[in-house]
Structure formats: C-alpha cells, structure tokens
Amino acid sequence: MVDTPPSDDAYWRKKLSTEQYRILRESGTERAFTSPLNDEKRQGVFTCAGCGETLFSAESKFNSGCGWPSFSAPLNERALEQSIDYDVGYERIEVHCAKCGGHMGHVFPDGPKPTGQRFCINGISLDFKPDIE
C-alpha cells in the first residue's frame, strides 16, 4: 500500500508555506530566475516539496536558460502524471506529482537528446537532497 498524503485543503495549508501552497495546490508559477535550485549543480535527487516523493536525478538537470529548473526526464516515469492545461491560451502539458497531486510545472518537446523533453519545474515545488560525499 502506498502512503498517500491527505487530500484535504486544511492539511496542505498547514504543511506548506503560502507560496508553496499557491504553486503546488493552485497550479501557480513562480517568477522566472528566482529559485536557488536553478544554480544547483551538486549530485543528488530532487523531491516533491509537498510529499517527499523522488522525482528527478541531478544527472537529468540541464541549463535551459528558461528561468526554472529544467530536467530531461523524471527518475521514474510513474512519479509524474500529466494533464492538458490551457491557462495561457494554448495547449501545454502540465506535470503533477503522482503521489500527492502537487503542481510541478510543464513539459515541452524542446529538450536535449536523448529524450527531447524539457521538464520546466517550479523550484519551490522541489526539495533537493544532495548525495552524501
């Protein structure tokens, strides 16, 4: 059985900061170039800031220049769910944490080889856990 976080609003409002709540639970977007994770270069993993689910390896992170942490692939395809989003007037693919449903960002077909994907992720939606050296 998977340990799934509660889905009720009161739980998330208590657990998350106001900005984390806006992004993770209301599908907001942080301002470009504001996340310290843009410059994170250490080895490790990126986890969901809502529930701790491991989402990305530092090995898949790359500098896309878009202003948000970018990854070429999730660590495990089943860790993320996708939906269609028309919030900006055209179709985008939104990605969510499969465990808690938290909004992560979007995926675009303009990433590096071999996947050709760019997972453009709100840094505030992530926590970074460096490898122990």
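Aromatic pairs in a predicted model

Guide: Welcome! By the ring-pairing rule, the count comes to 5 aromatic pairs. This is a predicted model, where local features need pLDDT of at least 70, side-chain atom pairs count only at pLDDT 80 or more, and totals for chains, interfaces and linings use all residues. Residues are numbered from 1 along each chain as its sequence is written, and side-chain values use heavy atoms, leaving out hydrogens and water.

Visitor: What makes Phe46 and Phe71 an aromatic pair that is edge-to-face?

Guide: Rings of Phe, Tyr and Trp (its six-membered ring) pair if their centres lie within 6.5 Å; planes under 30 degrees apart count as stacked, over 60 as edge-to-face and the rest as tilted. Phe46 and Phe71 are 5.0 Å centre to centre with 70° between the planes, so they pair edge-to-face.

Visitor: Why is the pair of Phe46 and Phe128 called tilted?

Guide: Their ring centres are 4.7 Å apart and their planes meet at 45°, so the pair is tilted. Phe46 lies in strand E1 and Phe128 in strand E9, so this pair ties together parts 82 residues apart in sequence. Strands (E, at least two residues) are DSSP runs, numbered from the N terminus.

Visitor: How do you know whether Phe128 is buried or exposed?

Guide: Buried means under 20% relative accessible area, exposed over 50%, partly exposed in between (1.4 Å probe, protein chains only). Phe128 has 14%, so Phe128 is buried. Phe46 is buried too, with 0%.

Visitor: Which residues form one aromatic cluster?

Guide: Phe46, Phe56, Phe71, Phe119 and Phe128 do.

Note on methods: Helix = DSSP H or I, 4+ residues; strand = E, 2+ residues; numbered from the N terminus.
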